[in-house]
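Subject: Structure handover and notes

Hello,

Here is the structure you asked for. My notes follow below it, grouped by topic.

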Amino acid sequence: MKSMFTPFQLKLDVSTFSELQLIQHVKRYLGDMPGYFHDQQAVATLLTKDNPLIYEYWEIPNDGSSLISISMTRIAAGVVGDEYFMTKGHFHTLEEDGEEIYFVLQGLGYVLLQNRDGERQTLNLSPENLYYVPKGWAHRAVNCGEEDLKFVSLWPNSVGHDYKSIELGGFPQLIVKGTHGPSVIQNGHYHSYQTL
Ligand code: PAN
Ligand code: ZN
């Protein structure tokens with residue numbers, strides 16, 4: 001099939017992406033993420049006074065004629081209780097094809113990774129670094145800095161997103177704000193996917 005795209009060049013900043021015609025702009029507010037943050041009391045308290053924008057992303061529409069999907073994500077700086085703002089995270093539905101590249105433009109944080117064999121990893125995110133997510137690994141980005149965390153993602157268009165597994169089981173690691181900065185702790189509510 002002939003690609004819907006002609007050759008293009010794109011400056012990697014939010015304003016370029018947000019001005020693209022037909023861009024899909026998704027905003028995730030705290031209220032869109034029930035059950036994602038571990039301190040449900042903090043979630044309830046925040047929601048009584050505010051419904052903060054946790055993250056947003058801009059995805060270049062792809063009608064299936066191009067093999068590659070491209071998006072830019074911005075995660076705001078902040079915490080819910082002691083847990084840093086983060087994306088929902090997901091597996092790719094077609095796990096045998098679902099690899100991905102993240103390229104960080106700005107900010108500091110972590111990417112949490114896990115696969116269905118129970119393996120897990122945590123990588124530090126920082127600007128001008130590229131991150132490779134292998135096939136079968138769920139991924140979630142977390143902003144632990146004082147400013148926005150921004151990154152570009154590239155993945156095979158056909159692979160789809162499985163959010164349900166994360167809603168049911170979570171990630172084994174949480175990134176929380178401690179007295180000496182961010183720390184990685186175990187998620188007491190994590191369910192291994194083999195047992196779901
Ligand atoms: C990214 C993510 C984006 C938003 O483009 O979709 O950062 O995170 P959630 O999809 O977890 O809400 C990606 O990993 N695409 O496959
Ligand atoms: Zn992905």
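Strands β14 and β15 form a hairpin, with 2 residues between them. The model is a predicted one. β14 covers residues 173-178 and β15 covers residues 181-186; they run antiparallel and are joined by 6 bridges. One residue pair to look at there is Lys177, whose bridge partner in β15 is Pro182.

**Strand β8 and its partners**

A second hairpin is made by β8 and β9, with 4 residues between the strands. Gly118 in this hairpin takes a positive phi near 90 degrees. The two strands pair in the antiparallel sense over 6 bridges, β9 being residues 120-125. In β9, Arg120 is the bridge partner of Gln114.

β8 also pairs with β11, residues 137-143; these two run antiparallel and 7 bridges join them. Asn115 has Trp137 as its bridge partner in β11.

How many of the residues of strand β8 are buried? The count is 7 of the 7 in residues 109-115, so β8 is largely enclosed by the rest of the structure. In a regular strand, side chains alternate between the two faces of the sheet. Both faces of β8 are covered. On one side Gly109, Val111, Leu113 and Asn115 are buried, and on the other Tyr110, Leu112 and Gln114 are buried.

**Ligand 1**

There are 17 residues around ligand 1, and those that come nearest are Tyr55, Thr73, Tyr102, His161 and Tyr163. Sorted by class, the shell has 6 nonpolar, 9 polar and 2 charged residues.

Several strands contribute to this shell. β2 (53-59), β3 (68-75), β7 (100-106) and β12 (149-156) each supply at least two residues. β12 gives the most, with 3 residues.

- Tyr102: a polar side-chain atom lies 2.7 Å from an oxygen atom of ligand 1.
- Thr73: an N or O atom of the side chain is 2.8 Å from an oxygen atom of ligand 1.
- Ser71: an N or O atom of the side chain is 3.0 Å from an oxygen atom of ligand 1.

On its own, ligand 1 has 390 Å² of accessible area, and the protein covers 99% of that.

The C-alpha atoms of Leu130 and Tyr102 are separated by 5.7 Å, with the two residues 28 apart along the chain. Leaving aside neighbours within four places in sequence, Leu130 is in contact with Ile101, Tyr102 and Phe103. Is Leu130 buried or exposed? Its relative accessible area is 54%, and the cut-off for exposed is over 50%, so Leu130 counts as exposed.

Glu128 is in the loop between β9 and β10. This residue is not a glycine, yet Glu128 has a positive phi of about 65 degrees. With a relative accessible area of 70%, Glu128 is exposed.

Leu22 lies in the loop between α1 and β1. Leu22, too, is not a glycine but has a positive phi, of about 65 degrees. Its relative accessibility is 72%, so Leu22 counts as exposed.

Ile23 is in that loop as well, between α1 (14-19) and β1 (24-29). Which side of the cut-off does Ile23 fall on, buried or exposed? Ile23 has a relative accessible area of 17%; buried means under 20%, so Ile23 is buried. Not counting residues up to four places away in sequence, Ile23 touches Phe17, Ser18, Trp58, Glu59, Ile60 and Pro61. One of these, Ile60, is 37 residues from Ile23 along the chain, and their C-alpha atoms are separated by 5.3 Å.

Regards

Conventions:
Residues are numbered from 1 along each chain as its sequence is written. Chains are lettered from A and ligands numbered from 1 in the order in which they are written. This is a predicted model: local features need pLDDT of at least 70, side-chain atom pairs count only at pLDDT 80 or more; totals for chains, interfaces and linings use all residues. Side-chain values use heavy atoms; hydrogens and water are left out. Buried means under 20% relative accessible area, exposed over 50%, partly exposed in between (1.4 Å probe, protein chains only). Contact means heavy atoms within 4.5 Å. Two strands pair if DSSP finds at least two bridges between them. A residue is near a molecule or strand if one of its heavy atoms lies within 4 Å of it. A polar contact is a pair of N or O atoms within 3.5 Å; within protein, one must be able to donate a hydrogen and the other to accept it, and residues adjacent in sequence count only if both atoms are side-chain atoms. Accessible areas come from the Shrake-Rupley method with a 1.4 Å probe; for residues, only the protein chains shown count as cover. Ala, Val, Leu, Ile, Met, Phe, Trp, Tyr, Cys and Pro count as nonpolar, Asp, Glu, Lys and Arg as charged, and the others, Gly among them, as polar.
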